[in-house]
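Open your viewer and keep the selection panel at hand. We will go stop by stop.

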Amino acid sequence: MKLLYFAWVRERVGKPQEDVELPAGVATVGDLMAWLARRGDEYAHAFENPKIIRAAIDRAHVRPDTAIAGAREIAFFPPMTGG
Amino acid sequence: MGATVRLQREPFDAAAETAALTRGRTDIGAVVAFTGICRGAEDGAPIAALTLEHYPGMAEAEIARHVEEAQSRWALLGVTVIHRYGRIAPGEPIVLVLTASSHRHEAFAAAEFLMDFLKTRAPFWKQVEAAGATSWVEAKQSDDSAAERWSGAAARRRRDAAE
């Protein structure tokens with residue numbers, strides 16, 4: 001599965017994107033954030049406050065309880081500040 | 001009705017975009033143009049520049065979704081949204097929203113709706129460059145509140161008032 005990171009999430013993780021093999025039991029966006037937070041200090045820092053991190057599956061906003069089955073691309077980023 | 005949605009690094013010309021939107025049209029009676037501009041100071045402290053990061057692909061798709069929603073809510077005769085990314089100096093434009101309609105109410109309402117959603121839903125992030133350091137702009141609760149007023153009863157009243 002392709003993961004993308006933007007803004008300070010990207011800076012903290014230290015890379016803009018990566019491909020990961022997910023273990024069984026990672027079913028939702030929230031599960032994925034919890035799993036990522038255990039992958040190392042940089043991930044723990046990026047995902048230390050998952051409540052404020054936003055996510056998108058295949059380029060559409062999703063909530064933490066959204067299932068990730070069938071997703072091609074999942075992105076994590078801070079609240080948006082465009083406009 | 002078609003719409004123009006464009007992301008670009010370079011500045012845009014709001015007057016030229018308005019002329020392009022209305023050229024040859026006699027059905028349009030109102031065009032509202034909103035231009036967001038990079039301020040030279042934040043909270044009283046001068047800034048050197050803003051750098052806008054975006055999510056290519058999703059940014060265009062998310063803006064297009066909200067343009068479609070605006071078109072379903074109001075009788076629009078034309079929409080243009082241009083959003084820049086990359087480094088933007090104080091005084092330069094960041095975003096342009098043009099909405100055209102027969103009468104002004106629809107155009108005003110749709111432009112405000114689109115800007116409220118660009119602020120809170122379009123995947124762009126602003127980084128401030130000031131005093132040799134960079135920092136990410138924090139999202140404002142007031143922007144979320146502005147977007148939320150378009151859902152529910154308040155939005156229906158506003159929509160009815162515009163009709």
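Where in chain A does A:R59 lie? Select A:R59: this residue is in the loop between strand 3 (54-57) and strand 4 (60-62) of chain A. Helices (H or I, at least four residues) and strands (E, at least two) are DSSP runs, numbered from the N terminus.

A word on the model before moving on. This is a predicted model, in which local features need pLDDT of at least 70, side-chain atom pairs count only at pLDDT 80 or more, and totals for chains, interfaces and linings use all residues. Residues are numbered from 1 along each chain as its sequence is written, chains are lettered from A and ligands numbered from 1 in the order in which they are written, and side-chain values use heavy atoms, with hydrogens and water left out.

**Stop 1: the backbone at two residues**

Stay on A:R59. Its phi is near 70 degrees, a positive value in a residue other than glycine. Most residues other than glycine have a negative phi. A:R59 counts as partly exposed, because its relative accessibility is 35%. Buried means under 20% relative accessible area, exposed over 50%, and partly exposed in between (1.4 Å probe, protein chains only).

Now select A:A7. Here too phi is positive in a residue other than glycine, near 55 degrees. A:A7 belongs to helix 1 (residues 7-13) of chain A. Is A:A7 buried or exposed? With a relative accessible area of 0%, A:A7 is buried.

**Stop 2**

Colour chain A by secondary structure. Trace them from the N terminus: the order is β-α-β-α-α-β-β-β. The C-alpha trace spans about 35 × 30 × 20 Å along its principal axes. Of the 83 residues in chain A, 43% count as buried.

Next, show the charged side chains. Chain A has 11 positive and 11 negative ones, with the centres of the two sets 5 Å apart. Lys and Arg count as positive and Asp and Glu as negative; His and the chain ends are not counted. Each charge is placed at NZ of Lys, CZ of Arg, CG of Asp or CD of Glu.

**Stop 3**

Switch to chain B. It holds five helices and 10 strands. Its radius of gyration is 16 Å, close to the 15 Å that the globule rule gives for 163 residues, so chain B is as compact as a globular protein of that length. That radius is taken over C-alpha atoms, and the rule is 2.2 Å times the number of residues to the power 0.38. Along the principal axes, the C-alpha trace of chain B spans about 50 × 40 × 30 Å. Buried residues make up 44% of chain B.

**Stop 4: where the chains meet**

Show both chains. How many residues of chain B are in contact with chain A? The count is 26 residues of chain B, in contact with 19 residues of chain A. Contact means heavy atoms within 4.5 Å. Together the chains bury about 1900 Å², 57% of it on carbon and sulfur atoms. Buried area is the accessible area (1.4 Å probe) that two parts lose on being put together, summed over both. Select B:Y55, B:W125 and B:W136: in chain B they lose the most area to chain A, together 35% of what that side buries.

**Stop 5: B:Y55**

Zoom in on B:Y55. This residue sits in the loop between strand 5 (49-54) and helix 2 (58-73) of chain B. B:Y55 counts as buried, at 1% relative accessibility. Beyond its neighbours within four places in sequence, its contacts include A:L4, A:F6, B:W125 and A:R59, from our opening stop. Finish with B:P123: B:Y55 is 68 residues away in sequence, but 5.7 Å away in space, C-alpha to C-alpha.
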